[in-house]
Amino acid sequence: MPTTRAVRPRWLLEEMEVPYELVRVDKKMTQQPEYQKLHPHRKVPVLVDGEVTIFESAAICAYLADKYLDKGLAPRLDQTERGYYYQWLFYATSTLEPPVEHFMFDVLPSLPEKVIPTKVRSAISKQEALEWFDRVAEPLRKSIDGNNYLVANRFTTADVVTGGVLLWAKKLGMLSDSDPLSKYINNLMQRPAFIRADEDFYAKIAPSV
Ligand SMILES: N[C@@H](CCC(=O)N[C@@H](CS)C(=O)NCC(=O)O)C(=O)O
């Protein structure tokens, strides 16, 4: 499903140059009982790798980075950078992503967010989500100051996942061009693997701030 979180594992697979089969799904297909066997919430992405079927974009990326550790996109377990790597992976989806998701509900109110109660979706305004995002993004701004990448200034899967959340924020118009995070994102967007993975970056979402 283009322009969704499915871009993250696809981008990583392109970076690693690991052969994979991409299955294009649409909302009609995700409603089928067969699909729910793969993803309990009928969402994307989901990875099927032999006996393993995993949902959650960040978990899929972490799994692939470790499975193909020789590709150098995750620090090894015995490296101190591993701690920072975990930090940014978990930060991306548990701290940085929630305000982006809330902002999006306001920009695109008809999203089929099946698992989130309406009260939670409408609890805060677009402006409040923007301020929330600004606060939680601060450590990220500090970390990329003078650096191109998050962990030891070397491209890793933490950039795919954290960058993936920021790309989405950029798509929605949450990041101004003068924000230092825009420079970080623009750098990531020039990577050939990202270009191959993200078809039509601005499709369907018109920035509105
Ligand atoms: N936390 C999950 C979120 C998955 C998710 O919400 N996916 C959205 C696309 S970004 C989806 O499948 N939307 C289509 C739908 O709900 O029908 C992840 O990171 O994989």
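Two residues are said to be in contact when heavy atoms lie within 4.5 Å of each other. This report describes a predicted model, in which local features need pLDDT of at least 70 and side-chain atom pairs count only at pLDDT 80 or more, while totals for chains, interfaces and linings use all residues. Residues are numbered from 1 along each chain as its sequence is written, and side-chain values use heavy atoms, with hydrogens and water left out.

At the interface, 14 residues of domain 1 are in contact with 20 residues of domain 2.

The size of an interface is often given as the accessible area lost when the parts come together. Buried area in this sense is the accessible area (1.4 Å probe) that two parts lose on being put together, summed over both. For domain 1 and domain 2 it is about 1400 Å², and carbon and sulfur atoms give 63% of it. On the side of domain 1, Arg8, Trp11 and Lys43 lose the most area to domain 2, together accounting for 44% of what that side buries.

Helix H1 (7-16) and helix H4 (57-67) are the elements that give two or more residues to the side of domain 1 that touches domain 2. H4 gives the most, with five residues. Helices (H or I, at least four residues) and strands (E, at least two) are DSSP runs numbered from the N terminus.

The residues of this side of domain 1 divide into six nonpolar, two polar and six charged. In this grouping, Ala, Val, Leu, Ile, Met, Phe, Trp, Tyr, Cys and Pro count as nonpolar, Asp, Glu, Lys and Arg as charged, and the others, Gly among them, as polar.

## Helix H1

Buried means under 20% relative accessible area, exposed over 50%, and partly exposed in between (1.4 Å probe, protein chains only). Helix H1 is largely enclosed by the rest of the structure, because 10 of its 10 residues are buried. Among them are Arg8 and Trp11. The cover over the buried residues of H1 includes H4, helix H5 (81-107), helix H9 (157-171), helix H10 (180-189) and helix H11 (192-197). Glutamate 17, which follows H1, has a positive phi, near 55°.

## Salt bridges

Side chains of opposite charge can pair when their charged atoms come close. A salt bridge is counted when a side-chain nitrogen of Lys or Arg is within 4 Å of a carboxyl oxygen of Asp or Glu. The whole structure contains 12 salt bridges, and the count between domain 1 and domain 2 is three.

| Pair | Closest N and O atoms |
|---|---|
| Arginine 196 and glutamate 14 | 2.7 Å |
| Aspartate 66 and arginine 82 | 3.0 Å |
| Arginine 141 and glutamate 138 | 2.8 Å |

Arginine 196 is partly exposed, at 41% relative accessibility, whereas glutamate 14 is buried at 16%.

Aspartate 66 lies in helix H4 and arginine 82 in helix H5, so their pair ties together parts that are 16 residues apart in sequence. Aspartate 66 is partly exposed at 36% relative accessibility, and arginine 82 is buried at 7%.

Arginine 141 and glutamate 138 are three residues apart in helix H8 (residues 138-144), a separation of about one helical turn. Arginine 141 is buried at 12% relative accessible area, while glutamate 138 is partly exposed at 35%.

Salt bridges also link Arg5, Arg8, Glu97 and Glu101 in a network.

## The loop between H4 and H5

Leucine 77 lies in the loop between H4 and H5 and is exposed, at 68% relative accessibility. Not counting residues up to four places away in sequence, leucine 77 touches Arg82 and Tyr86.
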